[in-house]
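Please look through the sequence and the 3D structure shown here before reading on. The report that follows is meant to be read beside them.

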Amino acid sequence: MTGDRGIHGAREVLLMLRRLAVAAVVCGAVAGMLGAAGPVEQPRSAPGSIVVIQEDPDAAVPGGTTTVHGIVANETAKTAPALVVEITMPPGAVPEEPFFPRTCNQHKSDKIWTVTCTIAAGLESERTATALVPVRIPNDASEPLTGGRVSVTSPDDPGVNDSQPFTIQVAFDEPTG
């Protein structure tokens, strides 16, 4: 998400998330009254928290690139402290600079790449911030790359701790004539 969609769309995304959470609670209550079996998933984050907005990157052809969007939203009523967005790549995916913001750094551990980005304190209430990380998928990729994760924490507030998975779909060109 970039430009107007990332800034002005934040309220719409937050409203949608809140509506989905209410719908999940209502469905759970109705299922309970009807005697339905199985657990009912509750909203994943408490109201008034810093959350990761789940978004899968665009598909890429084998050997091609796509961009992972590490989107965090401030659902609190106050300005956010400094945030750390960590983007863990699916196995086989390799991050490629340049990253946004420039405060992002990459490192590799056990064949898995991670990009860590620092977002300065000051993200206002009901706003989003996005880290953009271009990534190259393997030349021999034939299945979706799963196991990616975007996480947010804060060195100034141990209560900030959320994450969401992402998958990179592999696109194949249509055969020509």
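The model is predicted, so local features need pLDDT of at least 70 and side-chain atom pairs count only at pLDDT 80 or more, while totals for chains, interfaces and linings use all residues. Residues are numbered from 1 along each chain as its sequence is written, and side-chain values use heavy atoms, with hydrogens and water left out.

A search of the whole structure finds one disulfide, a term for a pair of cysteine sulfur atoms within 2.5 Å. It joins Cys104 to Cys117, with an S to S distance of 2.0 Å. Because the torsion about this S-S bond is about 110°, the disulfide is right-handed.

| Residue | Relative accessible area | Class |
|---|---|---|
| Cys104 | 7% | buried |
| Cys117 | 0% | buried |

The largest nonpolar core has 31 residues, and Val72, Leu83 and Val85 are among those with the most contacts inside it; such a core is a set of buried Ala, Val, Leu, Ile, Met, Phe, Trp, Tyr and Cys residues joined through side-chain atoms within 4.5 Å.

Nine bridges join it, antiparallel, to strand 2, and Thr67 has Pro134 as its bridge partner in strand 7.

How values were computed. Buried < 20%, exposed > 50% of the residue type's maximum accessible area, 1.4 Å probe, protein only. Pairing = 2+ DSSP bridges. Helix = DSSP H or I, 4+ residues; strand = E, 2+ residues; numbered from the N terminus.
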